[in-house]
Amino acid sequence: MKRSGLSRATGGTIMLFAAAASTSVWMGHRTAVAAFTTTSTRSLFSHSRRQCAFRLSSTASSGGGGRVSNAVTDASLFDKTTDKKKKKEKKVGLETNPPKGTRDFYPEDMRMRTWLFEEWRSVAKAFGFNEYDAPVLESEALYTRKAGEDVTQQLYNFVDKGERKVALRPEMTPSLARMVMARGKNGLSMPLKWFSIPQCWRYERMTRGRRREHFQWNMDIWGIPGVQVEAELLSAMVTFFKKVGLTSDDVGIKVNSRLVISEVLTELGIPPEKFAATCVLVDKLDKVPLDAIQGDLEELGLSREVVEKLVKVLTNNSIESIAEVLSPDSEAVKQLRSLLDLCEAYGISDWIMFDASIIRGLAYYTGVVFEAFDRKGELRAIAGGGRYDNLLEAFGGDPTPAAGFGFGDAVIVELLKERNLLPTFDTSGVDTVVFAMNEDLYGVAIQVASTLRTQTGQSVDVVLENKKTKWVFKHADRIGAKFCLIVAPDEYANGQVSIKNMESGEQTPVSIDALADWAKEQTE
């Protein structure tokens with residue numbers, strides 16, 4: 001056979017299989033090609049790439065000193081002729097922080113939240129209110145009012161898969177109005193005294209005590225037009241403050257009436273249909289200078305001169321001075337004086353102060369408005385509310401008198417921390433840890449735990465795995481358990497268990513049959 005293998009290569013690229021086959025023929029092996037396709041192929045791929053390149057280049061160089069093909073001597077040929085990926089795709093790590101402006105509630109956080117909610121609930125129930133709830137997802141139309149309120153611009157809103165415009169609720173009052181309309185006044189017994197603790201969402205700038213989600217205690221009374229409603233609501237608010245240890249030196253409540261600004265605007269010749277939008281803008285004056293909203297005011301037809309007169313009136317902090325500005329038979333003055341008299345009857349006058357600048361930023365308020373504040377001035381408003389008699393009518397329902405307040409969770413927690421009044425929530429609330437010293441007694445431990453849970457109401461944590469006694473005592477101490485109950489062989493043989501008082505360290509035997517009596521003694 002003619003010698004025309006690798007030794008005569010002239011630099012062109014020679015395929016790997018052809019090179020190997022030609023070399024084998026030159027060596028005189030008639031079965032070289034067949035052998036290569038079986039044994040040699042396995043050998044090539046089972047050895048390192050460098051060994052493969054060395055064998056082929058050595059074979060080629062024995063043919064007479066001709067130039068050797070790069071295809072043969074290239075040690076990286078294996079990588080170049082396969083589609084093996086050299087680099088693994090970089091894994092994207094999980095973002096462990098919650099979305100900006102939101103919170104995780106770990107067990108200790110949940111204990112604090114539960115405590116706060118129960119304090120709110122206890123006050124609401126003491127005042128005869130019933131709890132209700134509504135979906136966190138509502139129709140966007142509930143909130144897109146046309147008065148320039150910030151809440152309209154702060155919606156978490158989107159179009160769902162059914163092409164419906166929806167939003168996460170930024171406040172609860174519109175949902176309450178929708179629920180009242182759904183039943184109709186004939187289907188509901190008036191007056192209504194309802195409360196709720198919803199989670200609300202607003203995409204707004206975050207500051208201390210302000211997040212993009214928060215829980216809010218709402219108390220509302222529907223069906224009564226008089227200021228007796230506002231006085232009752234203010235009393236409930238003060239009752240909560242007292243309950244958590246705050247005094248009138250810590251917190252004050254500013255009150256005003258939208259009727260004041262309405263009467264002033266009437267005197268200044270501003271038409272009634274512009275009252276709500278004007279109130280929304282004026283409410284911003286404690287946050288931004290007049291120049292910042294001058295353009296919006298001019299669009300409503302309010303000149304700078306009119307606004308300056310209005311602001312001058314609203315800087316008054318006594319009803320007497322307001323009475324001198326308004327007409328002698330001012331309904332606003334009568335309303336405010338009646339409210340302050342009722343606050344005196346409730347015994348909360350030291351918490352209440354008149355402030356004509358309190359407007360509140362929601363357009364639907366129609367009468368008395370109020371706002372609880374930190375007297376040190378370090379925190380934003382703690383709570384706020386007022387009368388909104390026209391809200392149901394704005395949604396197409398019948399006019400219905402109503403008033404209520406919203407009380408967020410974030411600011412009050414900050415205030416209680418500031419005054420060192422917030423309880424600690426380090427302990428888990430577990431009364432007794434139950435532990436079996438060996439697997440044979442685990443069934444007894446379960447029975448003992450069940451007795452304490454069902455017959456005494458104790459919170460009981462059963463150790464579910466095989467642990468040493470020393471670990472169990474540390475575990476009980478770590479979670480703040482009051483007692484550690486041990487089911488041990490010797491005591492169990494006598495029908496007893498051993499119970500350690502985690503505070504005193506005293507350990508005593510107790511009859512299994514007398515566990516319910518023992519637990520009762522601990523609560524006395």
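Which helix holds threonine 173? Threonine 173 sits in helix α8 (residues 173–183).

**Figure 1. The whole chain of a predicted model.** This is a predicted model: local features need pLDDT of at least 70, side-chain atom pairs count only at pLDDT 80 or more, and totals for chains, interfaces and linings use all residues. Residues are numbered from 1 along each chain as its sequence is written, and side-chain values use heavy atoms, with hydrogens and water left out. The chain has 21 helices and 17 strands. Helices (H or I, at least four residues) and strands (E, at least two) are DSSP runs, numbered from the N terminus. Of the 524 residues in the chain, 44% are buried. Buried means under 20% relative accessible area, exposed means over 50%, and partly exposed lies in between (1.4 Å probe, protein chains only). The accessible surface comes to about 28700 Å², and carbon and sulfur atoms hold 50% of that. Accessible areas come from the Shrake-Rupley method with a 1.4 Å probe; for residues, only the protein chains shown count as cover. Among contacts with a separation of 6 or more, 67% join residues 24 or more positions apart. Contact means heavy atoms within 4.5 Å.

**Figure 2. The largest nonpolar core.** How many residues does the largest nonpolar core have? It has 50 residues. Such a core is a set of buried Ala, Val, Leu, Ile, Met, Phe, Trp, Tyr and Cys residues joined through side-chain atoms within 4.5 Å. Trp217, Phe240, Phe241, Ile253, Phe407 and Ile412 have the most contacts inside it. Several elements supply at least two residues each, including α6 (107–126), β7 (213–222), β12 (402–408) and α17 (409–418). Helix α9 gives the largest share, nine residues. Another core, of 29 residues, lies apart from this one; Val260, Val264, Ile270 and Leu326 are among its members. In soluble globular proteins, nonpolar side chains tend to be buried together.

**Figure 3. Tryptophan 217 and phenylalanine 407.** Tryptophan 217 belongs to strand β7. Its relative accessible area is 0%, so tryptophan 217 is buried. Leaving aside neighbours within four places in sequence, its contacts include Trp120, Phe195, Phe240 and Phe407. Leucine 116 is 101 residues away from tryptophan 217 along the chain, yet their C-alpha atoms are separated by 9.9 Å. Phenylalanine 407 also touches Trp120 and Phe240, again leaving aside neighbours within four places. Phe215, Met237 and Ile412 are among its other contacts.

Figure 4. Is threonine 173 buried or exposed? Threonine 173 has a relative accessible area of 9%, so it is buried. Not counting residues up to four places away, threonine 173 touches Tyr364, Tyr388 and Leu391. Arginine 202 lies in the loop between β6 (199–201) and β7. Its relative accessibility is 21%, so arginine 202 counts as partly exposed.

Figure 5. Helix α18 (residues 442–456) has 15 residues. From first C-alpha to last it reaches 21 Å, close to the 21 Å expected at 1.5 Å a residue. The expected span is 1.5 Å times one less than the number of residues. Val444, Ala445, Val448, Ala449 and Leu452 are its buried residues. The face turned away carries the exposed residues Gln447, Thr454 and Gln455. The buried residues pack against elements including β13 (432–436), β16 (496–501) and α21 (515–523). Just after α18, glycine 457 takes a positive phi of about 80 degrees.

Figure 6. Most residues other than glycine have a negative phi, and most peptide bonds are trans. Methionine 190 and proline 191 are joined by a cis peptide bond, with omega about 0 degrees. Proline 191 is in the loop between α8 and β5 (192–196). Glutamate 163 has a positive phi, near 65 degrees. At 65% relative accessibility, glutamate 163 counts as exposed.
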